[in-house]
Amino acid sequence: MNLDLRLPIGLLFTILGAILVVDGLVVGAQVLGFNVNLLWGAVMVLFGGVTLYLGRASART
Amino acid sequence: MHLAPIDGFIIAIYGAFVLGIGFVLRRKIVHSSDFFLAGRSIPAWVAGLAFLSANLGAQEVIGMAASGAKYGILTSHFYWVGAIPAMVFVGVFMMPFYYGSRARSVPEYLKLRFDEKTRGFNAITFAAMTVFSSGISMYAMGALLRLLLGWNLHVSIVASAVVVLCYIALGGLTSAIYNEVLQFFLIVFGFAPLVFLGLRDVGGWAGLVARVPDTFTHSWKYMGDAGANPMGVEWFGMAMGLGFVLSFGYWCTDFLVVQRAMAADSMSAARRTPLIAAVPKMLFPFLVILPGIIALGLTTHPNPGTAPLLTMTADGTYDYNMALPLMLARYYPSGLLGLGLTALMASFMSGMAGNVTAFNTVWTYDIYQSYIAPKKSDAHYLWMGRMATVFGIAISVTTAYVAMRFDNIMDMLQLVFSFVNAPLFATFLLGMFWRRTTGHGAFWGLVAGTLAAAGHYELTRVVGAGSLLPKLASLHTYPSDMAQNFWGAIWAWTTCFSITAAVSVMTHPKAAEELTGLVYSLTPRISSDDQPWFKRPATLAVVVLALTVALNLLFW
């Protein structure tokens with residue numbers, strides 16, 4: 001397998017998460033007292049980042 | 001529901017990734033086996049998530065939330081009684097024959113194990129079923145997007161068809177599998193906040209329990225009597241009909257899911273594929289059924305100052321199919337809404353791509369190569385696979401338009417296909433574990449089982465329900481269509497099993513050397529002693545089953 005699937009997954013979630021974080025900071029819509037875009041965007045960036053890191057780490061070896 | 005630019009932007013980025021994966025993988029497709037079998041090079045975790053995702057069509061996601069609102073936690077039987085045991089069985093006991101025989105499809109396994117007519121019967125009905133179901137889901141998705149967003153139905157249908165066409169025609173099964181995994185994560189991330197916010201809003205699990213009837217939060221307590229639970233079926237019909245016959249028939253024999261495991265990079269990975277898929281699968285009720293139950297809670301006992309969530313339809317029942325979309329509309333602000341809609345579209349595409357890749361393989365290998373144009377070059381079959389992707393999707397689009405015009409024809413076809421599916425597992429069970437089973441036995445057993453399913457439907461009725469087909473007689477009345485469906489499957493399976501066994505005894509079996517690798521008693525045991533313990537199928541199976549039992553007890 002030549003394309004490590006973790007790279008596109010990591011990239012997609014980092015990008016989508018970052019968009020939500022920016023929206024959460026700028027607009028900051030509150031749902032039941034949570035800034036959901038900011039919080040969930042951050043979780044997605046974290047997931048995306050870890051996935052990218054794992055994909056790149058194994059690509060180097 | 002209104003889309004802000006940010007929502008459209010999120011959907012567009014997802015679209016770009018889906019197509020991008022197809023384009024990148026295009027360069028890896030050299031032989032037909034790259035296109036149809038992903039070169040048998042997929043790691044276990046990727047195959048496992050794709051195995052799960054291919055089954056997660058949009059109708060599944062929306063339908064499970066709808067069932068959650070209609071039947072409550074009883075819907076989890078489709079997972080904790082239905083899917084999981086069957087997934088464990090196919091991984092531990094059946095994969096050695098599917099993967100080990102080097103068959104390129106499930107119908108091809110039937111050809112190797114039995115004979116040409118059994119393969120033909122399975123290949124042709126399966127191919128018809130796949131293009132048909134992808135057309136139905138295409139229509140369902142288009143109709144939903146029109147309802148929610150006011151999008152043009154024709155544009156939705158054609159655009160989604162073109163996207164799926166591009167990524168499969170370019171990158172074949174690998175592209176479909178990669179996208180299915182991407183879609184799996186999108187579905188999880190797209191719906192998880194919904195469960196959190198919904199539960200929070202109804203006051204947690206305890207708050208939810210207080211709002212819905214007691215039968216909605218217990219999976220087994222009311223299964224003793226069909227009249228006591230909203231599904232209208234008792235534990236035996238459910239466990240045998242759904243748990244054994246229908247679920248094993250689907251998860252163990254349907255090429256749509258089995259193809260993902262056949263693409264795995266080793267026997268060990270192929271066997272672990274369904275076992276890995278079983279772990280997220282057992283947690284999916286929390287993601288797709290729970291929002292439905294919450295939706296019902298917010299309808300019968302709305303929070304002060306809010307309107308009931310679900311609306312009544314003309315016939316006096318709630319519009320259950322709107323449970324998930326209305327939950328998204330209530331809790332998701334712009335941004336998260338784009339993610340939620342992307343998840344819905346992703347689930348739609350993964351279901352459709354699963355059908356299309358299964359169709360192009362069965363068409364090319366089991367119908368075209370076998371009956372129309374044998375002995376052509378590998379490049380020719382690769383070309384045919386791409387062509388089959390194009391015309392398979394074209395037939396699906398046509399089906400979508402027929403569905404738009406004639407609701408009844410579609411329901412009727414779905415019913416007929418369910419007759420064909422019901423007996424299948426009996427054939428595979430006998431074929432894999434009883435060497436004496438013959439091709440004539442398998443074929444006539446399948447025919448008899450299909451007829452038994454149709455006959456059962458013709459001779460029974462459901463309380464207070466109309467019928468799609470004119471009835472011959474009414475020998476028995478079921479309390480619900482689910483009960484009729486489960487018991488029909490039990491009849492079909494038993495008929496197929498008995499006829500297959502009876503005809504097999506009377507006909508001449510294949511020689512033992514022809515059956516090596518295809519039948520349990522004639523195949524050397526696969527040792528997994530060289531694997532670390534956590535990679536052994538038996539260990540994984542025990543863990544998965546123990547967790548499933550625990551979940552059943554927890555929600556008893």
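**Salt bridges, burial and the interface**

Modeller: B:Lys117 and B:Asp115 form a salt bridge, with their closest N and O atoms 2.7 Å apart. Bear in mind that this is a predicted model.

Colleague: Why is the link between B:Lys117 and B:Asp115 called a salt bridge?

Modeller: The cut-off is 4 Å from a side-chain nitrogen of Lys or Arg to a carboxyl oxygen of Asp or Glu. The closest N and O atoms of B:Lys117 and B:Asp115 are 2.7 Å apart, so the pair meets the rule.

Colleague: What makes B:Asp115 buried or exposed?

Modeller: Buried means under 20% relative accessible area. B:Asp115 has 17%, so B:Asp115 is buried.

Colleague: How many salt bridges cross the interface of chain B and chain A?

Modeller: The rule finds 0 there. It does find 3 residue pairs in polar contact across that interface, both partners at pLDDT 80 or more. Helices H1, H3, H8 and H14 of chain B each supply at least two residues of the side that touches chain A. H8(B) gives the largest share, 12 residues.

Colleague: What makes up the side of chain B that touches chain A, by residue class?

Modeller: That side divides into 26 nonpolar, 3 polar and 3 charged residues. The two chains bury about 2600 Å² between them, 88% of it on carbon and sulfur atoms. B:Phe17, B:Tyr178 and B:Phe189 supply 24% of the area that chain B buries against chain A, more than any other three residues.

Colleague: Why is A:Leu3 called buried?

Modeller: Its relative accessible area is 18%, and the limit is 20%, so A:Leu3 falls under it. A:Leu3 lies in the segment before helix H1 of chain A. Beyond its neighbours within four places in sequence, A:Leu3 is in contact with A:Pro8 and with B:Val24, B:Leu25 and B:Tyr178.

Colleague: What makes a set of residues a nonpolar core?

Modeller: The members are buried residues of the listed nonpolar kinds, joined through side-chain atoms within 4.5 Å. The largest such core has 192 residues, and B:Tyr98 and B:Phe428 are among those with the most contacts inside it. H8(B) gives the largest share of this core, 23 residues. Apart from it lies another core, of 13 residues, among them B:Tyr71 and B:Phe486.

Colleague: Which residues does B:Tyr98 contact, leaving aside its neighbours within four places in sequence?

Modeller: They include B:Val90, B:Tyr109, B:Cys252, B:Met262 and B:Phe428.

How values were computed:
Residues numbered from 1 in each chain as written. Chains lettered and ligands numbered in written order. Predicted model: local features only at pLDDT ≥ 70, side-chain atom pairs only at ≥ 80, totals over all residues. Heavy atoms only, no water. Buried area = accessible area lost by both parts, 1.4 Å probe. Polar contact = N/O pair within 3.5 Å; in protein donor to acceptor, adjacent residues only side chain to side chain. Helix = DSSP H or I, 4+ residues; strand = E, 2+ residues; numbered from the N terminus. Nonpolar A, V, L, I, M, F, W, Y, C, P; charged D, E, K, R; others polar. Buried < 20%, exposed > 50% of the residue type's maximum accessible area, 1.4 Å probe, protein only. Contact = heavy atoms within 4.5 Å.
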